[in-house]
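Please consult the sequence and the structure shown below while reading.

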Amino acid sequence: MKLYPRTALHLALLILPLLGMLSACETSKRGFPEVSSPTTDPEEEANRRKREGVSTQLARLNEGKIEYIMPRAQLATAFIREFNDGTVVDKTMIRKVQESAKDKPIYYLVGMGLRDGMFRSMAIPLITSTDQSLYLSSHAERYVITSVGCSFCYFSFEKNQITGTTCGDNSGGSRCDLVVENSNNLFRRR
């Protein structure tokens, strides 16, 4: 008779984990939604994914005009830190690029300055939200121009995207070099 309580105890020890697993399965089934969620606009979804990185609101659009939320001096300091090579940025702006009236405009944050007397510029595309705010994402590429003999360099655009550079003066041997980086650290998390 001493074996019966021991067998019952072993049986109970085997059944308890099984009951625990069954209840775990049951609760996980309740977690699935009954109705599928509506699909979102692919463009809005892409913007949401870009904002999942470090994103910072810089400005907002009000009747076509740009209202800066972040002071330009703070933007200049961030550009100096991003260049990280002695470039002194003395001008910042948000520039609207729109090839034709039918195209959706793209806004770029631009910082311009000098390093060792040579012109430098950096442009980063911004995200426009549905509430007309302009955001900078850490996943946004950055376009960096370094002049070689040019007093001023311009970004060249095709279909609202930066595709190259143009030298402001056409003197022989002058050029503007463009480097494209896949991300930026303009506003790091601390």
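Helices (H or I, at least four residues) and strands (E, at least two) are DSSP runs, numbered from the N terminus. The model is predicted, and local features need pLDDT of at least 70, side-chain atom pairs count only at pLDDT 80 or more, while totals for chains, interfaces and linings use all residues. Residues are numbered from 1 along each chain as its sequence is written, and side-chain values use heavy atoms, with hydrogens and water left out.

**Overall composition**

- The protein contains three helices and eleven strands, arranged from the N terminus on as α-α-β-β-α-β-β-β-β-β-β-β-β-β.
- Of its 190 residues, 32% count as buried; buried means under 20% relative accessible area, exposed over 50%, and partly exposed in between (1.4 Å probe, protein chains only).

**The open sheet**

- Strands of a sheet pair through backbone hydrogen bonds, either parallel or antiparallel.
- An open sheet is formed by four strands in the order β2-β1-β7-β6, with antiparallel pairing; two strands pair if DSSP finds at least two bridges between them.
- Because β2 (65-68) and β6 (127-128) stand at the edges, each with a single partner strand, one side of each is left without a neighbour in the sheet.
- Strand β1 (residues 55-62) is joined to the antiparallel strand β7 (residues 133-137) by five bridges, and Thr56 stands opposite Leu136 in β7.

**The second largest pocket**

- A pocket is found on a 1 Å grid over the protein atoms alone, as an open set of points where a 1.4 Å probe fits, with protein on both sides within 12 Å along at least five of seven lines; lining residues have an atom within 4 Å of a point.
- The second largest pocket holds about 180 Å³ of space, a volume being the space filled by probe spheres set on grid points joined across faces, edges and corners.
- Its lining has 13 residues, of which Met93, Arg95, Val110, Met112 and Phe155 are the closest to the centre.
- Two or more lining residues come from each of β3 (88-97), β4 (106-115), β5 (118-125) and β9 (153-158), and β9 gives the largest share, four residues.

**The loop between β9 and β10**

- Most residues other than glycine have a negative phi.
- Lys159, in the loop between β9 and β10 (161-167), has a positive phi near 50 degrees and is exposed, with a relative accessible area of 63%.
- Asn160, found in the loop between β9 and β10, has a positive phi near 70 degrees, but this residue is buried, with a relative accessible area of 4%.
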